[in-house]
Amino acid sequence: LWLKTKPDRSMVVTTAISIATRRALFAAAGGISGYAGYKAKYDPIELVWDLDETILCSISPIPPPSSANADEPEYPSHPTRSFVQIDDDFPFQDNTPNTRTFWRPGARSALRICRIFSNQHVFTTAQGTYTANVLRELDPDRTLFDKVLHRDLVPSSVRKGKDISLITDRLDRAILFDDRTKNFVPQDGKNGVQVVRYHRPEEGDDVREIKEVARLVGISFLGLLAADARDVVKYFRTEEHKERFAKEINEKP
């Protein structure tokens, strides 16, 4: 004998809510994806990247080899973690590399991801020869970056900061990623995101570094979706950033 029982009403309601929620999330994801594609094509975000201590770290003179890197290929090379180069800001002899440059874990992947939905640029206070060495390794096919500025092209950037209006006139669509807040001065701090400094690779924590670059990808995507990227950037200011630009950031862009 089968006894028919009525389904528990609360269970029915819970199931219905769960199904409706999943459908809403899928619809929202599809809508966001479609909108992001539209923005990337017709109103892209302009991402401006610093090099040193943001996406890489260079050490001169070259530290002695360890068991971890003793067998790395000689320059020029494309190793996983680092490469060697000549930085002519420091003494060198007979074209022998004097600098080892370490990639921040996750940074190169982050750049490739961001390239899908943005225009990307480099703005560094390093000299042109060093910048060329880095880009030969970082972007050999010249597909990641649209514009590259360095101190030989913009000498004033060393003392006065990085004026990203030299790259784009759409400051409402621009974000500058840099570990030094002084470089945000030309735009009164309104377009800058301070990156956690990457300067001791031998003591690095890969998980921590990957979390940081993932944060930057997230900020970039939010900036893409926003009408004004500066409205996103303001929620990610460090205490140092807030203190330096206490007056300016309270004014309208």
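Helices (H or I, at least four residues) and strands (E, at least two) are DSSP runs, numbered from the N terminus. The exercises below apply to a predicted model.

**Exercise 1. Overall architecture**

State how many helices and strands the protein chain has, and describe its burial, contacts and surface.

*Solution.* 
1. Under the definition above, the protein chain contains seven helices and eight strands.
2. Of its 253 residues, 42% count as buried.
3. Among contacts with a separation of 6 or more, 71% are between residues 24 or more positions apart.

**Exercise 2. A patch of tyrosines**

Identify the residues that make the nonpolar surface patch of about 370 Å², then place Y35 in the secondary structure and classify its accessibility.

*Solution.* 
1. The patch is made by Y35, Y38 and Y42.
2. Y35 lies in helix α1, which covers residues 9-42.

**Exercise 3. An aromatic pair**

Give the number of aromatic pairs in the structure, and characterise the one formed by F83 and W103.

*Solution.* 
1. Four aromatic pairs are present in the structure.
2. In the pair of F83 and W103, the centres are 5.3 Å apart and the planes make an angle of 35°, a tilted arrangement.
3. This pair links distant parts of the chain: F83 belongs to strand β3 (residues 82-85) and W103 to strand β4 (residues 99-103), 20 residues apart.
4. F83 and W103 are both buried.

**Exercise 4. The surroundings of E53**

Locate E53, decide whether it is buried or exposed, and list the residues it touches, not counting those up to four places away in sequence.

*Solution.* 
1. E53 sits in the loop between β1 (45-49) and β2 (56-59).
2. Its relative accessibility is 16%, so E53 counts as buried.
3. With residues up to four places away in sequence not counted, E53 touches R104, D179, R180, V196, R197, Y198 and H199.

Terms used: Residues are numbered from 1 along each chain as its sequence is written. This is a predicted model: local features need pLDDT of at least 70, side-chain atom pairs count only at pLDDT 80 or more; totals for chains, interfaces and linings use all residues. Side-chain values use heavy atoms; hydrogens and water are left out. Buried means under 20% relative accessible area, exposed over 50%, partly exposed in between (1.4 Å probe, protein chains only). Contact means heavy atoms within 4.5 Å. Patches are made of residues with over 30% relative accessible area and no salt bridge: like charges are joined within 9 Å, nonpolar side chains (Val, Leu, Ile, Met, Phe, Trp, Tyr) within 5 Å. Accessible areas come from the Shrake-Rupley method with a 1.4 Å probe; for residues, only the protein chains shown count as cover. A salt bridge is a side-chain nitrogen of Lys or Arg within 4 Å of a carboxyl oxygen of Asp or Glu. Rings of Phe, Tyr and Trp (its six-membered ring) pair if their centres lie within 6.5 Å; planes under 30 degrees apart count as stacked, over 60 as edge-to-face and the rest as tilted.
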